[in-house]
Amino acid sequence: MTAAEIPVLCLPGLSRNTRDFNDLSEYLQSLGHHVIALDYRGRGMSEWDPDWRNYDLTIEGKDIDAAIEQLGLERFALLGTSRGGLHALAMSGRYPAERMAAVIFNDVGPHLEMRAIHRIAATLGHRMTHASLEDAAVSLQQTLGNQFPAFHLSDWRKFAGQVASENGGRMVMDYDPALAHQLASLDDATPIADLWDLYEKLTDRPVLILHGEHSDLLSEETCRRMLDTHPNARLKTIRDQGHAPVLWERETQEEIARFLEEL
């Protein structure tokens, strides 16, 4: 199997969906890669779960395992954005290097900054409906402008088209607002999960870390430790972007392609 024949499995962020990978998928497919992206339950094109407690990493992990089995993925590289990277860490114990050949972390790691979690919790499930694509774009700019200071209005429109879709003449965010219950109980006393033991299980396979320059979730300190504790990890810092890098620009896409070609 050549590198170009190794499927790339893409897992999105907490409230995000497979459209986040459209541009990257088009580029990688032009190079011969097979790209698969999954919508978690309650997001994108997947049905909403009547019990919000099932929007859980463990249950989602079982869904991912079922998809891998159904798709017959014997060997694959995994690209995880934010929550998708947490799934990659959890999968480190379930999938040896012979199966999950490499991992690309898109602005996530074994240590998360709680200030970012609180920021996400404060907006999750709110402002779900907008009068138009333009209104959705403006709302995103107001919320995330400091994470993406170089974005123009056209970028915010494109971003809005990824996270929301038209429904009844309005733009509606593409996730179940009940997802907010997952973060509702967090407070300043909530302990920060230590996932370094899971990251260490990935030291037998290559790792690429994508870090948004303005990210408030993945710190430079965590990136340095990820490099120091892994013999085959590399870091790509993406300028003028925060959490999480959108993977639109060719420079980042080419870095991902080079990483995959070396497998």
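Student: How many bridges join β5 to strand β7, and which way do the two run?
Tutor: This is a predicted model. In it, two bridges join β5 to β7 (residues 170-173), and the strands run antiparallel. One of the bridge pairs is His 130 with its partner Met 171 in β7.

Student: Why is strand β3 described as largely enclosed?
Tutor: Six of the six residues of β3 (residues 76-81) are buried, so the rest of the structure largely encloses the strand. Phe 76, Leu 78 and Gly 80 point one way, Ala 77, Leu 79 and Thr 81 point the other way, and all are buried.

Student: What joins β3 to β1 and to β4?
Tutor: Four bridges join β1 (residues 8-11) to β3, running parallel. In that pairing, Leu 9 has Leu 78 as its bridge partner in β3. Six bridges join β3 to β4, also parallel, and Gly 80 stands opposite Phe 105 in β4.

Student: How do you know that Phe 105 and Tyr 199 are buried?
Tutor: Buried means under 20% relative accessible area. Phe 105 is at 0%, so it counts as buried. Tyr 199 is at 0%, so it counts as buried too.

Student: How many aromatic pairs does the structure hold, and why is the one between Phe 105 and Tyr 199 called tilted?
Tutor: The structure holds 10 aromatic pairs. In this one the ring centres are 6.1 Å apart and the planes are at 55 degrees. Centres within 6.5 Å make a pair, and planes under 30 degrees apart would be stacked and over 60 edge-to-face, so 55 degrees falls into the tilted class. Phe 105 lies in β4 (residues 100-106) and Tyr 199 in helix α7 (residues 196-200), so the pair ties together parts 94 residues apart in sequence.

Student: What makes the pair of Phe 148 and Phe 159 tilted?
Tutor: Their planes are 50 degrees apart, with 6.1 Å from centre to centre. Phe 148 lies in the loop between α5 (133-144) and α6 (153-163), and Phe 159 in helix α6, so parts 11 residues apart in sequence are tied together. Phe 148 and Phe 159 belong to one aromatic cluster with Phe 151, Trp 156 and Trp 248.

Student: How do you know that the charge of Lys 158 sits over the ring of Trp 248?
Tutor: The charged end of Lys 158 is 4.5 Å from the ring centre of Trp 248. The distance cut-off is within 6 Å, so 4.5 Å passes; an angle within 35 degrees of the ring normal is also required. Arg 53 lies over the face of Trp 52, at 5.8 Å from the ring centre.

Student: Which residues have the most contacts inside the largest nonpolar core?
Tutor: Phe 76, Met 91, Phe 105 and Tyr 199 do, in a core of 59 residues. Apart from this core lies another of 19 residues, among them Val 8, Phe 21, Ala 77 and Ala 257.

Student: Why is Gln 241 called buried?
Tutor: Its relative accessibility is 7%, and the cut-off is under 20%, so Gln 241 counts as buried. Gln 241 lies in the loop between β9 (233-238) and α9 (250-261). Its contacts include Phe 148, Glu 213 and Glu 249.

Student: What makes the link between Gln 241 and Glu 249 a polar contact?
Tutor: The contact joins the two side chains at 3.1 Å.

Definitions and conventions:
Residues numbered from 1 in each chain as written. Predicted model: local features only at pLDDT ≥ 70, side-chain atom pairs only at ≥ 80, totals over all residues. Heavy atoms only, no water. Buried < 20%, exposed > 50% of the residue type's maximum accessible area, 1.4 Å probe, protein only. Polar contact = N/O pair within 3.5 Å; in protein donor to acceptor, adjacent residues only side chain to side chain. Contact = heavy atoms within 4.5 Å. Phe/Tyr/Trp six-rings, centres within 6.5 Å; stacked < 30°, edge-to-face > 60°. Core = buried A, V, L, I, M, F, W, Y, C linked by side-chain atoms within 4.5 Å. Pairing = 2+ DSSP bridges. Lists of a residue's contacts leave out its neighbours within four places in sequence.
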